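Subject: Structure handed over, with notes

Hello,

Here is the structure you are taking over. Please open it and keep it in view while you read the notes.

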Amino acid sequence: FDASIKTTMRCQPTITSRPTVTVFSSIQGIAESLRHADPNLPLQVVQDEALCGYGGTVEFNPSALSTETKTILQQAEILISEPAVVAALLDHDSSALSSLKWCQSTYAGVDPLFNSSFLSSSSSSSSTIIPWKLTRFAGCFGPPIAEWCIARIIEHERSFVATAKDQLQKSWAGSRDAVTNYRYLSSMTLTILGCGDIGRCIARAAKAFGMKTVGYVRTIPSSSNNDNRNVAEETGVDEYTTDLTSALQSGDYIVSVLPSTPTTRGLLSNGALKAASTEKGGLCPVFINVGRGDVIDEKCLLEALDKKFISGAILDVFVEEPLPTNSGLWSRPDVIVSPHVSGLTQASDVPKVFLSNYQRYVENDRSTSELKFLVDWKKGY
């Protein structure tokens with residue numbers, strides 16, 4: 001094989017009743033964290049120069065994989081990897097994971113698999129196309145993404161960017177209007193599109209600063225004890241609505257945490273954000289996106305900014321990543337571009353998500369039926 005491609009494997013002595021876990025990820029330290037949490041876990045760690053990455057960006061060339069890596073992946077029963085890696089691997093070679101029974105995603109979003117040509121090439125049911133199960137990396141991203149959202153709201157209200165520019169110019173309050181005119185968070189409403197685990201974390205963080213919270217959902221939840229008065233206390237969301245127009249009109253800030261699914265792609269395109277304009281009874285809010293970029297296409301987002309449907313956009317996700325240099329978003333003063341870093345997978349979080357499921361897998365004779373956070377191939381999430 002090509003000597004420029006290096007494969008390194010380290011395998012713990014296996015325990016007969018416990019299947020080997022193959023780690024093939026651009027995220028450093030996953031194997032070490034798993035070993036620390038469970039020293040007897042049978043691990044196979046594959047490192048190949050065809051795969052690298054940083055933050056939320058993965059760089060992978062499946063055609064450059066070494067023969068050894070290909071063989072290991074074909075034999076893997078349990079795999080920990082990024083959805084983008086698995087999608088690219090299967091697009092390149094549909095038999096690349098021929099022994100796989102369960103894949104643990106290292107990301108919350110799994111849309112790269114649903115956008116892959118491997119999955120979309122067949123017109124039959126997705127559940128029959130893919131014989132293995134995929135579990136989301138759930139329950140860890142809420143707090144860091146909530147921190148990022150609140151930090152960005154405060155940064156925007158207090159004009160930290162203007163203050164930094166003033167400092168460079170040695171100008172005391174040079175941006176006087178910007179740095180002296182701001183609103184208290186407690187005087188504002190935050191609309192959250194998508195109120196799963198991450199959305200609720202954002203809501204609770206906003207409530208800690210006194211913000212009113214409105215949640216846009218498909219189904220309005222009830223309290224665990226059937227007392228709807230306790231829903232806000234449990235979830236951090238003061239009001240729920242299934243009406244998108246009402247949700248968009250309510251917020252001083254709107255944050256989208258929506259995943260990429262057939263029902264959410266383009267949800268805010270085609271003039272949907274006009275409902276947020278003052279002309280339509282809205283508050284001309286700032287739009288924050290930490291969900292998926294395809295909830296609105298770039299042309300429609302730029303139009304919403306130009307027509308003042310919204311007053312600004314703070315974006316951590318995009319339809320195409322990295323964002324192309326010719327994108328109109330880069331040079332706009334009313335847009336903040338962030339490189340998909342609001343919630344990064346920490347290697348130390350992997351054992352919390354993976355090991356309890358691994359125990360279920362072992363105790364159920366290697367059946368995937370009892371795994372938590374299973375992705376539904378038919379629903380797309």
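Predicted model: local features only at pLDDT ≥ 70, side-chain atom pairs only at ≥ 80, totals over all residues.

Cores

The largest nonpolar core has 52 residues. Those with the most contacts inside this core are Leu34, Leu190, Ile202, Val255, Ile288, Val290 and Phe354.

Not counting residues up to four places away in sequence, Leu190 touches Ile153, Ile202, Ala206, Met211, Lys212, Thr213, Val214, Tyr253 and Val255. Ile202 and Val255 in that list are also named with Leu190 for having the most contacts inside the largest core.

Two buried threonines

Thr22 sits in strand S2, which covers residues 21-23. Is Thr22 buried or exposed? Its relative accessible area is 2%, so Thr22 is buried, the cut-off being under 20%. Leaving aside neighbours within four places in sequence, Thr22 is in contact with Gln44, Val46, Ile72, Ala76, Ile78, Leu79 and Ile80. Take Leu79 from that list: Thr22 and Leu79 are 57 residues apart in sequence, but their C-alpha atoms are 4.8 Å apart in space.

Thr189 belongs to strand S9, residues 189-193. Thr189 has a relative accessibility of 13% and therefore also counts as buried. With neighbours within four places in sequence left aside, its contacts are Met211, Lys212, Val214, Ser250, Gly251, Asp252 and Tyr253. Met211, Lys212, Val214 and Tyr253 are also touched by Leu190.

Helix pairs

Start with helix H1 (residues 30-37) and helix H14 (residues 350-363), which pack at an angle of about 60° with their axes 10 Å apart. H1 and H14 are therefore oblique to each other. The crossing of H1 past H14 is right-handed. On the H1 side the contact is made by Ile30, Ser33, Leu34 and Ala37, and on the H14 side by Val350, Pro351, Phe354 and Leu355. Sorted by class, this contact has seven nonpolar residues, one polar and no charged ones. Leu34 and Phe354 were named above among the residues with the most contacts inside the largest core.

Next, helix H7 (residues 142-158) packs against helix H8 (residues 160-168) at an angle of about 55°, and their axes are 6 Å apart. This angle makes H7 oblique to H8. H7 contributes Ile154, Glu155 and Arg158 to the contact, while H8 contributes Phe160, Val161 and Thr163. Three of these residues are nonpolar, one is polar and two are charged.

H7 also packs with helix H10 (residues 197-208), here at an angle of about 50° with the axes 8 Å apart. H7 is therefore oblique to H10. H7 passes H10 in a right-handed crossing. From H7 the contact uses Gly142, Pro143, Ile145, Ala146, Cys149 and Ile150. From H10 the contact uses Asp197, Ile198, Cys201, Ile202, Ala205 and Ala206. By class, the residues divide into 10 nonpolar, one polar and one charged. Ile202 and Ala206, both in this contact, are also touched by Leu190.

Backbone spots

Most residues other than glycine have a negative phi, and most peptide bonds are trans. The places below are departures from that.

Which peptide bond is cis? The bond from Glu321 to Pro322 is, with omega near -5°. Pro322 is in the loop between strand S14 (312-315) and strand S15 (335-337).

Cys284 is not a glycine, yet has a positive phi of about 50°. Cys284 is in the loop between strand S12 (253-256) and strand S13 (286-289). Its relative accessibility is 19%, so Cys284 counts as buried, given that buried means under 20%.

Asp365 also has a positive phi, near 55°. This residue lies in the segment after H14. Asp365 has a relative accessibility of 71% and therefore counts as exposed, the cut-off for exposed being over 50%.

Regards

Notes: Residues numbered from 1 in each chain as written. Heavy atoms only, no water. Core = buried A, V, L, I, M, F, W, Y, C linked by side-chain atoms within 4.5 Å. Buried < 20%, exposed > 50% of the residue type's maximum accessible area, 1.4 Å probe, protein only. Contact = heavy atoms within 4.5 Å. Helix = DSSP H or I, 4+ residues; strand = E, 2+ residues; numbered from the N terminus. Axes fitted to C-alpha atoms, helices over the stretch in contact; angles between N-to-C directions. Parallel < 35°, antiparallel > 145°, perpendicular 65-115°, else oblique. Left-handed = near helix turned anticlockwise from the far one by under 90°. Nonpolar A, V, L, I, M, F, W, Y, C, P; charged D, E, K, R; others polar.
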